[in-house]
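Okay, thanks for coming, everyone. Let me put the model up on the screen, and then I'll walk you through a few spots in it.

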Amino acid sequence: MLLSLHVKNFAIIDEVWVDFGPGMNILTGETGAGKSILLGSVNAALGGKVNREMLGRNADYALAELIFDCENERIVSLLQAHDIPIEENLIISRRISDNGRSISRVNGETVNTGFLKELSALLLEVFGQHENQTLLAAQNQLALVDRYDKEHAEPLLTELRSEYGLYRKAKKDYEEALTHGEGLARELSLLEYEHNEIQAAALKKGEDEALEERYKILSNRNRIAEAVGEADRVIHSDSEAASELIGRALQKLSRVLIYDENLNSIYEEIEQVEEQLNDIGCRLSDYMDSLAEEPGELTEVEERLNLINRLKAKYGKSIEDIVSYDRSLCEKIDRLQNYDRYLADSEKQLSVMEAKLSGLCKKLGTVRAEAAKALERKITEALTDLNFLDVSFEIRLEPVLMTENGTETAEFCISTNPGEPIRPISKIASGGELSRISLAVKSVFAGRDEIETLILDEIDTGVSGRTAQKVAEKMASIAKEHQILCITHLPQIAAMADEHFLIEKATDNATTKTNVTALSEEQTVSELARMLGGVSITESVRNNAREMRMLAKKR
């Protein structure tokens with residue numbers, strides 16, 4: 001549930017805090033007061049697009065912050081999967097700079113827009129005039145059928161989509177193999193040439209690195225030998241070498257050790273130095289021996305490196321890549337050498353996969369047929385409640401070629417007047433009728449959906465009179481299962497409010513800003529009177545508003 005909204009520097013909103021409650025949260029006010037802007041800031045906080053023009057005048061940033069309770073297990077799992085700290089509440093904020101950049105945080109951790117959209121899909125659902133149009137798309141109507149019996153449809157859909165992906169890949173490989181028929185000999189010859197070239201090289205793991213080290217030594221052998229020889233002379237070979245001088249020092253000290261025992265420790269340390277110098281001298285001599293170059297070794301190393309680098313340029317960036325490429329060559333060669341067997345095996349495999357897919361589609365089709373009939377009855381009942389008195393509603397499942405979604409599509413059809421034929425809703429539904437149909441669908445799913453918060457943005461468009469009262473009652477019934485944030489111009493709906501907020505635009509002739517006020521019971525009655533009476537609010541209108549509110553509270 002959305003607990004609160006904080007908005008700053010968003011269009012004509014300087015800064016507002018709104019604390020929402022459970023049930024029906026109604027937002028009313030004059031046209032242009034900023035109602036849709038306020039709810040638009042919710043969308044912005046959850047990763048929606050924001051134009052630079054939406055920043056407040058003279059502001060260098062805009063801020064939208066939402067606080068939700070955090071009891072949904074799927075939300076907790078998502079936070080854990082992304083290492084987001086789990087607090088008592090879920091705090092989502094987005095700061096948008098005037099340069100178009102934005103920073104989004106969830107419980108203090110910076111997140112990307114993709115994660116925000118994934119999270120928002122679990123938190124709330126926007127349901128407005130624009131969203132009504134999504135009901136017209138065939139794929140969305142089929143998704144509603146599957147959603148109605150989610151327990152049985154979802155596992156089948158998941159398995160179907162996985163198997164269909166494997167099937168498409170296998171079919172693509174098979175079709176590619178069919179096209180190889182004419183150029184088979186030529187392709188096989190090329191593959192075998194590449195394989196033989198790699199095999200002839202007899203590559204070894206790490207060989208290139210070892211060769212590069214040896215090449216570096218051999219190509220700089222003279223400089224290395226000169227430096228090592230000089231070091232050997234200074235340390236070990238010359239008459240005035242360090243080891244010779246250390247030996248003389250030991251001879252001198254050995255003659256006077258009997259006079260002072262304190263010299264013993266110094267003598268021992270010098271002995272250790274002498275041993276180290278002798279060891280270093282031996283190692284330098286050994287290294288000089290290792291520099292002895294075999295005739296033609298530098299040329300051999302250079303040619304081997306050139307060969308390996310040519311293979312890298314053709315088959316991969318490393319020896320491991322070349323070996324991996326060679327394995328794939330062997331598979332392709334085996335396939336082409338046994339072309340007829342491969343085609344037969346592929347056909348058999350495709351036949352098995354098609355049979356499995358057909359079985360899954362059949363099971364899914366049975367689930368959908370039963371779900372469509374049940375959903376059809378429920379939506380018809382909901383439409384009747386919404387003052388479609390002579391409505392006929394059908395969900396038609398039509399066969400289509402197999403896709404990852406099965407072998408049927410769904411089409412919602414309706415007749416809203418006696419004697420009229422049943423036709424697809426996209427061809428007959430007016431704006432007001434489509435709003436009511438959408439609301440009927442939402443009411444059917446109210447008890448099934450895990451999403452707790454619904455935003456209804458002027459869903460009452462094109463509705464009036466008795467129908468408006470029916471819509472209000474249906475929305476109130478949905479509010480028993482969900483938190484609703486609703487922008488409305490209809491007093492019948494506003495009267496159902498559990499929490500009522502008045503959105504007003506104030507101006508001082510220099511600037512204009514939006515204010516949000518949580519209304520008391522008496523203020524709610526006054527706002528209902530304004531919505532009923534327009535400019536002139538008489539006592540009769542006020543009494544009417546009070547009675548409307550009283551009747552709404554009894555429902």
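**A walk through the model**

Let's start with R327, which is found in helix α13, residues 319–337. Helices here are DSSP runs of H or I, at least four residues, and strands are runs of E, at least two, both numbered from the N terminus. Before I go on: this is a predicted model, so local features need pLDDT of at least 70 and side-chain atom pairs count only at pLDDT 80 or more, while totals for chains, interfaces and linings use all residues. Residues are numbered from 1 along each chain as its sequence is written, and side-chain values use heavy atoms, with hydrogens and water left out.

Is R327 buried or exposed? R327 is exposed, at a relative accessible area of 51%. The cut-offs are under 20% for buried, over 50% for exposed, and partly exposed in between, with a 1.4 Å probe and protein chains only. The C-alpha of R327 is 8.8 Å from that of H195, and the two residues are 132 apart along the chain.

**Helix α12**

Next up is α12, residues 297–315. This helix has 19 residues and reaches 27 Å from first C-alpha to last, close to the 27 Å expected; that expected span is 1.5 Å times one less than the number of residues. Which residues of α12 are buried? They are E297, V301, R304, L305, I308, L311, K312 and Y315. Those residues cover an arc of only 125 degrees around the axis, which puts them on the same side of α12. The arc is taken from the directions from the helix axis to the C-beta atoms. As a reminder, an α-helix has 3.6 residues a turn, so residues three or four places apart point the same way. On the other side of α12, you'll find E303, R310 and A313 exposed.

Now, what does α12 pack against? With α8, the angle is about 140 degrees and the axes are 10 Å apart. Axes are lines fitted to C-alpha atoms, for helices over the stretch in contact, and angles run from 0 to 180 degrees between N-to-C directions. From α8, the contact includes E207, L211, Y215 and L218, and from α12 it includes V301, R304, L305 and I308. Contact means heavy atoms within 4.5 Å.

**Salt bridges**

E207 sits in helix α8, residues 207–219, so to speak across the chain from R304: the pair links distant parts, 97 residues apart. Both R304 and E207 are buried.

How many salt bridges does the structure hold? There are 18, counting a side-chain nitrogen of Lys or Arg within 4 Å of a carboxyl oxygen of Asp or Glu. Another one of them joins R530 and E30, with the closest N and O atoms 3.0 Å apart. R530 lies in helix α19 (521–533) and E30 in the loop between β3 (24–28) and α1 (35–45), so this pair ties together parts that are 500 residues apart in sequence. R530 is partly exposed, at 22%.

R396 and E394 make a salt bridge too, at 3.1 Å from N to O. R396 is partly exposed, with a relative accessible area of 29%.

**One last stop**

Finally, look at S93 in strand β5, residues 89–97. S93 counts as buried, at 16% relative accessibility. Leaving aside residues up to four places away in sequence, S93 touches A64, E65, I103, S104 and R105.
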